[in-house]
There are 2 protein chains.
Amino acid sequence: VIRPFSAARPHLPLGSGREFDRIRSIIQMLGERGGGLGDDCALIAERDSFLAISTDVSVERVHFHLDWIDLQEAGWRAAAAALSDLAAEGAQAIGLLSAVTVPAGAAEAELLEVMAGIAAAAEFAEAQVIGGDLSAGPIWSMAVTVVGRVGVPITRAGAKPGDELWVTGELGAARVALDAWRRGEEPSPEARARFAHPEPRIEAGRWLAANSVRAMIDVSDGIAGDARHLSAASDVEIAIDLESLPLGPGVMEAAKRQKISAGQFAAEAGEDYELLAALPADFNAELEFSRDCGLALTRIGRVAEGSGVRFLSMGRPIELGGFDHFG
Amino acid sequence: VIRPFSAARPHLPLGSGREFDRIRSIIQMLGERGGGLGDDCALIAERDSFLAISTDVSVERVHFHLDWIDLQEAGWRAAAAALSDLAAEGAQAIGLLSAVTVPAGAAEAELLEVMAGIAAAAEFAEAQVIGGDLSAGPIWSMAVTVVGRVGVPITRAGAKPGDELWVTGELGAARVALDAWRRGEEPSPEARARFAHPEPRIEAGRWLAANSVRAMIDVSDGIAGDARHLSAASDVEIAIDLESLPLGPGVMEAAKRQKISAGQFAAEAGEDYELLAALPADFNAELEFSRDCGLALTRIGRVAEGSGVRFLSMGRPIELGGFDHFG
């Protein structure tokens, strides 16, 4: 029996949340039949590197609506969400497999639009479409599996007391677009693009992996939820200053409309697909990062001994919710 | 850019059929963004072996109905169908990732049943569950991705004129069960088991890979369809004697009911998950195979120069249909 690397490492604990309670139940039921679960990617050891693999399903009317975005954008998003897990492992992308469920009555041209979006995201990440499956079904659904390679995998475990917490890009704009659509309005082109066309941070993940990053996770469920996974997996306490979060276009106005702070809005927003990274306290190469990756890198918090995540607004603790695809 | 092995090999041509016309359109649209498509598995070259990867989606009301089989069986089938692709590549299984869509209102216990079925199939194949994803959705849907390792991959290409064609196990019993359910009857326990609990032929695939097999495919869409893929990928003509097909339990009676020959019934049946293999003409180790794998290996046809598949009944040509998941 060949064992994946995962067999040699324990499952990583997950943070709180209903979706993660379900996953905890599954991991418990699996017992020794599960291997190395709870990270962004599964890892398979090769002689001098690891294969990193992750699968991500994107379902019409759950993850997207076709009166919000077109089929090509839906395909891009589905692939980008999966590729984002490779980014969080510090991996280079190799290939992608897509299992697509096609509603009865869909034209062949529509399926080609979905696949064109998936292929464009693969090309953006310098990966090829290397396999897939098709089925009929009641709605569009794209299960995308990505395969990458990494010399030293960056897991969610590894953040150490004294480290500082950083995030790539900007947060909250995908939620701005979602909130607009849910009100029946069309979002600004800038906010819309963040939802419809998220760029997997493969290059940023590899840059950070080559520059002393200790632990990393992609922010797909909102920092409020994903920071909890990093904290649980690394067995550390994390403190995040809401005022320091880098805000995407339209976040200030959207937060005001909901009568919450912009920081809270950004922290509870999902679908951002940025990277949350723990770096040693002496890290100060954020300008180099920005120059190389064309992207901001912002210090947003600190790692300490203990457990759990504390969110601070004006220095005072505040309770935040997460983002739940089962919600 | 790391290129998978697939980049170095051309796509393999597929046989005829509406589902495969869709795939041909996708492959054409992908152009250089697609790599090595048209085989049972994607292949990624490592130093002295290949990673083989395949993804397979199983959708409620398309691939199975829950008044036919229970959720644990649905999970097993979904995983077994994907593992069958590893078998056809001659690969050893390593791990499995499952993206499961859960209908609103499903109890947590139901999700655990699905996952228990997936885990049992993984264990049967000596693989671990190494990752996955969960989403809400309108119906149960399981997209299973399997990862395996193989020294020398056995593709669909490689059958040579003069080879003989063999099939593992027995054919047609899953269709016997399907036909019974569609008539509103309960199938025999033997036929039911072939549909609800197909065993991925990993061990048989590895045995054949170690014993001079030239080309292999799993029979998931029926030999009538899958032999066409083998013929197209290997650029050879294949002749199959319908009277020689090994028949599963209940096939004789079910064929009589439909007023077709048992051989035609078995050849047009899907969901069998046996292996169709081209072996050199001097192969004669079928008894050894049966002793080692606990399974029949039956000679059913011949490979010749030319193209296409000829089905012969009592020595005379006969036209057959295939099995279509889009049907």
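Predicted model: local features only at pLDDT ≥ 70, side-chain atom pairs only at ≥ 80, totals over all residues.

Student: What makes β3 (residues 92-103) and β5 (residues 141-150) of chain A a pair?
Tutor: Two strands pair if at least two bridges are found between them. β3 and β5 of chain A have 9 bridges, in the antiparallel sense, so they qualify as a pair. Within β5(A), A:Ala143 is the bridge partner of A:Ala99.

Student: What is the strand order in the open sheet of chain A?
Tutor: The 5 strands run β1-β2-β5-β3-β4, with mixed pairing. The average twist is 15 degrees from one strand to the next.

Student: Why are β1 (42-45) and β4 (128-137) of chain A said to stand at the edges?
Tutor: Each has a single partner strand, so one side of each lacks a neighbour in the sheet.

Student: Which strands does helix α3 (residues 71-88) of chain A lie across?
Tutor: Helix α3 of chain A lies across β2 (50-59), β3 and β5 of chain A, at about 35 degrees to β5(A). Helix α4 (residues 108-124) of chain A lies across β3, β4 and β5 of that chain, at about 165 degrees to β3(A).

Student: Why is strand β8 (residues 237-241) of chain B called largely enclosed?
Tutor: A residue counts as buried under 20% relative accessible area. In β8(B), 4 of the 5 residues are buried, so the rest of the structure largely encloses the strand.

Student: How do you know which strands pair with β8(B)?
Tutor: The threshold is at least two bridges. β8(B) has 4 bridges with β10 (residues 297-304) of chain B, antiparallel, and 4 with β11 (residues 309-313) of chain B, parallel, so both count as pairs. B:Ile240 stands opposite B:Gly301 in β10(B), while B:Asp241 has B:Leu312 as its bridge partner in β11(B).

Definitions and conventions:
Residues numbered from 1 in each chain as written. Chains lettered and ligands numbered in written order. Heavy atoms only, no water. Helix = DSSP H or I, 4+ residues; strand = E, 2+ residues; numbered from the N terminus. Axes fitted to C-alpha atoms, helices over the stretch in contact; angles between N-to-C directions. Contact = heavy atoms within 4.5 Å. Buried < 20%, exposed > 50% of the residue type's maximum accessible area, 1.4 Å probe, protein only.
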